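Subject: Structure handover

Hi,

Here is the structure for you to look over. My notes on the fold and the pockets follow below.

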Amino acid sequence: MLFQTLLWALRPLDVAAKLALRTTGLLLGAPFLVGSILSKGPTRALTIGSLWNTYSSLPFGKHALTGIITLGAPYTGSIDPVLKKLTSDKSEAYLVERPWLKNPFNSVHAVALINLGELASGVLVVSALEQMTEQSDFKARGIVTSLGATYHQKARGTIIARCDLATLPTTVGTHEYSIASQLYDAQEQLVAVVNATWTIKIIPK
């Protein structure tokens, strides 16, 4: 109990360290972001995929990008996640166990795990929809309409969420789209699967 109390007391330092990482990453990436905006225009430069290309290879850039994402989704930031990987069809995000993320059973809280899984799948779907809008004659938008999880064992330590993107709908209309994130611990044991259902609307430009 004393150890947990000490960890709670250190939370302000944890917040300060996170802010320092994100601020440093943002400052290092600022010249590249400005260049991207000037060459592509703000709409294309500020998509998730473009921001990933700008920041992911820079020191602390992934922390900076995660900070940008959580500005738009503050609740996601409550678990202090980091976006680790983003391609056209795969994503990875992780969190590190902290006292304020735990449940009464000394493991990462179920809702924190759902939050992490939604981040991994959400950035992947939004990035794909942005790319579809940019490269086609359609506008694609989506929102999560159902979210749930299946838990396999207690989650402790560093938890990583991995998500693969199946083919998105491409015809005009309203579609339901399901996607799942698998969450693993540091020993690669499956701890949870988070399922999200999106309502995706595709309209002509």
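**Overall fold**

Read from the N terminus, the elements run α-α-α-α-α-β-β-α-β-β-β-β. That makes 6 helices and 6 strands in the chain. Keep in mind that this is a predicted model.

Some totals for the chain. Of the 205 residues, 41% are buried, that is, under 20% relative accessible area. The accessible surface comes to about 10800 Å². Carbon and sulfur atoms account for 62% of that surface. I also looked at contacts between residues at least 6 apart in sequence: 66% of these join residues at least 24 apart.

**Largest pocket**

The largest pocket holds about 380 Å³ of space. Its lining has 16 residues. Nearest the centre are Ile69, Ala73, Gly122, Val123 and Val126.

Which elements supply at least two residues each to this lining? They are α5 (61-72), α6 (110-135) and β3 (138-151). The biggest share comes from α6, with 6 residues.

By class, the lining of the largest pocket divides into 10 nonpolar, 5 polar and 1 charged.

**Second largest pocket**

The second largest pocket holds about 300 Å³. It is lined by 15 residues, and those nearest its centre are Thr47, Gly49, Ser50, Asn53 and Gln131. Two or more residues of this lining come from each of α4 (48-55) and α6. Again α6 gives the most, here with 5 residues.

How does this lining divide by class? It has 2 nonpolar, 9 polar and 4 charged residues.

**To take away**

Start with α6 when you open the model. This helix gives the most to the lining of the largest pocket, and α6 also gives the most to the lining of the second largest pocket. Then set the two linings side by side. In the largest pocket, 10 residues are nonpolar and 1 is charged. In the second largest pocket, 2 are nonpolar and 4 are charged.

Best wishes

Conventions. Residues numbered from 1 in each chain as written. Predicted model: local features only at pLDDT ≥ 70, side-chain atom pairs only at ≥ 80, totals over all residues. Heavy atoms only, no water. 1 Å grid on protein atoms, 1.4 Å probe; cavity = no way out; pocket = protein on both sides within 12 Å on 5 of 7 lines; lining within 4 Å. Points joined across faces, edges and corners; volume = space filled by probe spheres on them. Helix = DSSP H or I, 4+ residues; strand = E, 2+ residues; numbered from the N terminus. Nonpolar A, V, L, I, M, F, W, Y, C, P; charged D, E, K, R; others polar. Buried < 20%, exposed > 50% of the residue type's maximum accessible area, 1.4 Å probe, protein only. Contact = heavy atoms within 4.5 Å. Areas by Shrake-Rupley, 256 points an atom, 1.4 Å probe, with all protein chains shown as cover.
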